[in-house]
Amino acid sequence: MDFGLIHDSLPFLLQGAWVTLRITALSLAFGILLGTLVALARMSPVRWLSRLTLGYIELLRGTPLLVQIFLIFFGIPQLTQRQINEFVAGVIAFSINSSAYVAEILRAGIQSIPKGQREASLALGLSPTQTLRYIILPQAFIRVIPPLVNEGIALLKNSSLLSAIAVVELTRAGQLISARTFKPFEMYLAVSVIYLAMTLILSWIARQLEARWQVR
Amino acid sequence: MRKWFTVMVLVGILGASSTLAQSCLASAKTNGLTVGTSPDYPPFESLDKDNKIIGFDVDLINAIAAELGFKVNIVGQSFDGLIPALLSKKIDVIAAGLTITEERKKSVDFTRPYISGPNVIITRKETSGISKLEDLAGKKVAVQIGSAQEKIASGVKGAEVKSYNLYTDAALAVNTRQADALIVHRFVGRAFLKQYPDLKIVAELNQVDTGLALRKDCGDLRQAIDAAIEKLEKSGKMDELAAKWFK
């Protein structure tokens, strides 16, 4: 074991971890925004809209994420004749992919709110949009925090796939050093520990949020 | 009593392991030679229509093995994992168009070089203003992870190095405008040009030697392979292979 190597490469690995965190945060944020719209469209009484979103969700859940990344990274430039930054390509791929999962999580959350809530809100004179905005969604979001955190952790780990399009995130940072030093064991061990630290912190934050909001 | 027992067990283990530890040459003769390569590097190695690994290196290693009476088992894997696989004894030889570098020599032994040639810079035909290494400053330069060319690209001040898992992906990145230039061995570059007619060679760089890599403790095997390569060079077989693949 070459602990000196781990020590020396730590700054570079942490730089990679920062990229991983940024990709995860951005993709989760866009994924939740987009996913909310998709969830609403999925539950829409307009039949073609609901069918269309079902197709969207199935397409994204039924194809490998790596393939989606390659489709966007190599495909968009081929179609548009323009370069697309690999970080941006990664965030686009992950946001779209994540929106499908988030949509299903949210749909489950929204449907778990008892019908009486909606009926009461309408009876009190709130419009259907207001009901959704002020009554249903806030409650649904709190219920879906645990599965959303799971989605965030999955995103964080899956971001290692972006190494294939040369984004120097945490996994790629480790690969680059191990390709130079021929010491994969030390590098991937260090990389694993950093991933674990990030996911543990993420679940800890989630538990804090849950505890805080559950009380109210 | 117990102490003696431990000592005897230890002696037994040491004795057994020393008889097990055959020389690399003897092991290759009895068990065959496991050769690692990364088939994304035509014409050194690539996959044919039936996903069989073909190329100069494959023919070379087969000719060497025929010369020495070995059986050969060629395994394809990721390029950056080749040297770790060699060091952890998963493979016995690397035949992957590997450039002989001082840095790699610290970890592995190379055979005598079997081919020499320059690296080249490749861009799209529409790209202008790149005619030497320094022109890559501020450009995205595509290479393979762990390659000697990655090292060259990293040495260019201001160049943004993009390391891909496969060399074919690096070429694709330039072709699809995801990168501005590719640094690659000339022979491989020519093979890519056939595939991507919109690319062109804009500069020739340093001359490099290519060799097979072995573990440092396999000196006897390396000497045998060196002798076989020399024989192939003298008999004209090497020129024949080069003409077949590098023309």
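**View 1. The largest nonpolar core has 116 residues.** A nonpolar core is a set of buried Ala, Val, Leu, Ile, Met, Phe, Trp, Tyr and Cys residues joined through C-beta atoms within 7 Å; buried denotes 20 or more other C-beta atoms within 10 Å of a residue's own, with C-beta atoms placed from the backbone. Ile94(B), Val141(B) and Leu182(B) have the most contacts inside this core. Helix H4 (residues 86–111) of chain A gives the most to the core, namely twelve residues; helices are DSSP runs (H or I, at least four residues) numbered from the N terminus, as are strands (E, at least two). The model is predicted: local features need pLDDT of at least 70 and side-chain atom pairs pLDDT 80 or more, while totals for chains, interfaces and linings use all residues. Residues are numbered from 1 along each chain as its sequence is written, and chains are lettered from A in the order in which they are written.

**View 2. Surroundings of Ile94(B).** Leaving aside neighbours within four places in sequence, Ile94(B) is in contact (C-beta atoms within 7 Å) with Gly36(B), Leu82(B), Ile83(B), Leu86(B), Leu212(B) and Ala213(B).

**View 3. Chain B meets chain A.** Here 15 residues of chain B are in contact with twelve residues of chain A. On the chain B side, helix H4 (82–87) and strand E9 (160–164) each give two or more residues.

**View 4. Helices H1 and H4 of chain A cross.** The axes (lines fitted to C-alpha atoms over the stretch in contact, with angles from 0 to 180 degrees between N-to-C directions) of H1(A), residues 3–42, and H4(A) come within 6 Å and cross at roughly 50°.

Methods: Buried ≥ 20, exposed ≤ 12 C-beta atoms within 10 Å, placed from the backbone. Contact = placed C-beta atoms within 7 Å.
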